[in-house]
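Here is a friendly walk through a few residues of this model. Please keep the structure open beside the text as you read.

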Amino acid sequence: MFRIKHVDLAGRIGEIQVKSRKIETPALFPVIDPLRQEVSANEIDSIGFKQVITNAYLTYKRFGAKAEEQGIHKIIGFDGVVMTDSGAYQLLEYGSVDIEQETVLRYQKRIGSDIGVILDVPTGNVDKEKAEQTVTETLRRARKALEIIDPLQDPIIWVLPLQGGRFLDLLEYSAKEAVKLPYRMYSLGSPTVFLEKYQYDIIGDMVYTARKILPWGKPLHLFGAGHPLLIPFMVALGVDTFDSASYILYARDNRIMTKNGVHRLEKLEYMPCSTPICLKYTPKELLEMDKNERTRLLALHNLYEIKASINETKEAIRENRLWELLREYASLHPSTYTLFDKFRKYASYLEKYTPKTPINTRGRKILDKKDTWNPIILRHLNYLICKLDIKVDNIIIVPEPEDRAVPGKNNVFYFKPIIGLIPSNLSRTYPYPQISYPPILDWESCEWTKQVIITFLIKKNIKHVKIAITDKNMPCLKYIANSLKEKISKKGITVEILSLTHA
């Protein structure tokens, strides 16, 4: 059902086989109202969304047997993959729904859903006692549903939502129990309340907690997440599919989405990006037109922006530079900056899935200390400090040669900011030739680099260090060379500073 094609961090480009159709992940399912479509299904398809989600409960209430006769695809006018939610969102919003799980499961079968969801009980933003009740009840319903559906044999892909919300121990329990059941796809429930408040770091912890337990070969869906700013981070943590009505909800309120945040049309003089809508209209022209047409155009704009974020994320995965894309997005909003800082907590998990020998070896950029949590850098530091075996008690540290051409002896190490030292006989191997950095580093990054070198010297029982510097050396190396003398003299390590020629 799910084939993984490319991986970077824990993000993957994959392919879900759904009946006779295929979905390339990561993918967003735009929410379509079964009755009211301000943006037509054909327009959604034309932008590149070959999958949508609609509500089985609302379809049942509004169309009943008619949808069983015609099928959900005809009812909403969409020929791609149709996912149907069971009514859990209404349960979260209004506290109850007047439908039994058995009824909504059988109804999803009869209307021809491609992907269906059991009638779970969303956690929302409640206290721990109530959260525990939602976990218990959702798991009970998941087991009970197996009397009606066969997740391994039904043509429908049945989704099992995980509950627990911000209570990570409950979410972990939910995930561990879920993997015992024969569902082919999982979803993370109840993130909407945190998404609305831009509490992306909470969502990050939720995804990480669930994904590290779930089988790698089964896709994970994130309900209610459709902001272009958030998508790369959730994909990097292992989310494969999303759904959202944000594109139309924001449009109704004259708000447009960009990866820089959300803008109110009334406050703009110029359109902030290059979607077809932005290129064709000014804010003034949009504000002067009929509200229904303006809503449609703004919704299309929002879909274009979401699609651009997904495509940018896919290309970053394919080129193995997803970490660098996250760094870029982190600087765009305080919520993503906070979330990106959390990635140090996820470092070992991300390193587990990051390819050791990627197909596309594009240049890697190091900017500052935050990049030490990049799995590629983390992997190097682990090798340098813990695994590298050297048989000498004296080493020479030299500037990295500009032509990267001449591997040295086994006691010669090239200096590189942030990652510290590179054994000269490995200088041509990935990722070292591809790493670039600013010529001048901030103080914190210099201090970090110095500490890496000190840790290495102590761990490897080095007694004497020669450091070659010239007037052309980077300031970082000169600072570290002079500072090392003071820091490690008490450890019985001597430091000698020489000219490059003498070294």
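Strands here are DSSP runs of E with at least two residues, and helices are runs of H or I with at least four residues, both numbered from the N terminus. This is a predicted model, in which local features need pLDDT of at least 70 and side-chain atom pairs count only at pLDDT 80 or more, while totals for chains, interfaces and linings use all residues. Residues are numbered from 1 along each chain as its sequence is written, and side-chain values use heavy atoms, with hydrogens and water left out.

Let us begin with E15, which sits in strand β2 (residues 11-18). Leaving aside residues up to four places away in sequence, E15 is in contact (heavy atoms within 4.5 Å) with M1, F2, R3, K5, K22, I23 and T25.

L160 belongs to strand β8 (residues 157-162). Beyond residues up to four places away in sequence, L160 touches I118, A142, A178, L181, Y183, M185, Y186 and S187.

The table gives accessibility, where buried means under 20% relative accessible area, exposed over 50% and partly exposed in between (1.4 Å probe, protein chains only).

| Residue | Relative accessibility | Class |
|---|---|---|
| L160 | 0% | buried |
| E15 | 18% | buried |
| C386 | 53% | exposed |

What about disulfides? With a disulfide taken as a pair of cysteine sulfur atoms within 2.5 Å, the count is zero. C273 is in no disulfide, and the nearest cysteine sulfur, that of C278, lies 3.3 Å away.
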